[in-house]
Amino acid sequence: MLLILLGLLLWSGVHFWKRIAPAHRARFGDKGKAIVAIGSVVAIVLMTVGYRAAEGTFFWGRSPMLTGINNLLMLFAFYLFAASGAKTRITKWVRNPQLTAVKLWALSHLLVNGDTPSFLLFGGLFAWALAEVIVLNRVAPPGPYHAVAVKKEITALIATVVVFSLTAAIHIWLGYNPFG
């Protein structure tokens with residue numbers, strides 16, 4: 001579980017860098033973006049390898065009800081992520097749709113993975129997203145909402161279904177059928 005923790009710390013560090021030390025981050029310019037990108041990829045690898053190798057206490061597992069709730073939450077999380085890029089109507093009410101999507105993703109995975117490695121990984125990413133929202137809300141006031149064309153709403157819905165389907169296919173290919 002040490003690799004999961006190291007991955008979470010690296011992930012949080014590179015993502016909070018801009019918020020905690022904006023002047024330091026700004027001095028790096030475009031190289032700073034590369035540092036964040038490389039750090040993020042290394043963090044994901046650490047968390048993935050650590051999670052796959054981790055053992056821990058098992059408290060609950062999947063049930064048909066929890067699997068259904070998980071899939072609905074994941075569908076909504078993918079929509080929020082797509083809506084963030086398209087600035088669809090929901091962004092009028094959800095200020096940080098990408099971070100809200102991460103929180104939904106983490107929560108939905110905790111519903112079907114009730115073991116200590118999952119608590120660390122998904123709980124840790126939920127805590128990071130929550131802290132990021134708190135920091136963002138203090139640093140930057142919300143911007144005005146601008147209505148978008150219906151075409152963007154439809155594009156976000158199509159992107160949601162496509163990405164959800166691809167993600168489900170990858171999970172099935174890896175041996176983790178998200179549908180039971």
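Predicted model: local features only at pLDDT ≥ 70, side-chain atom pairs only at ≥ 80, totals over all residues.
Student: Which helix gives the largest share of the nonpolar surface patch?

Tutor: The patch covers about 700 Å² and is made by Leu2, Leu3, Leu5, Leu6, Leu9, Val41, Val45 and Val49. Both α1 (2-20) and α2 (22-53) supply at least two residues each, but the largest share, five residues, comes from α1.

Student: How many residues apart in sequence are the parts that the salt bridge of Arg19 and Glu132 ties together?

Tutor: The side chains of Arg19 and Glu132 meet in a salt bridge at 3.4 Å, N to O. Arg19 lies in helix α1 and Glu132 in helix α5 (residues 116-139), so the parts tied together by this pair are separated in sequence by 113 residues.

Student: Is Glu153, the partner of Arg89 in a salt bridge, buried or exposed?

Tutor: Glu153 and Arg89 form a salt bridge in which the closest N and O atoms are 3.9 Å apart. Glu153 lies in helix α6 (residues 150-174), whereas Arg89 lies in the loop between α3 (64-86) and α4 (97-112). Arg89 is partly exposed at a relative accessible area of 42%, while Glu153, with a relative accessible area of 12%, is buried.

Note on methods:
Residues numbered from 1 in each chain as written. Heavy atoms only, no water. Patch = residues over 30% accessible without salt bridge, like charges linked within 9 Å, V, L, I, M, F, W, Y side chains within 5 Å. Areas by Shrake-Rupley, 256 points an atom, 1.4 Å probe, with all protein chains shown as cover. Salt bridge = Lys/Arg side-chain N within 4 Å of Asp/Glu carboxyl O. Helix = DSSP H or I, 4+ residues; strand = E, 2+ residues; numbered from the N terminus. Buried < 20%, exposed > 50% of the residue type's maximum accessible area, 1.4 Å probe, protein only.
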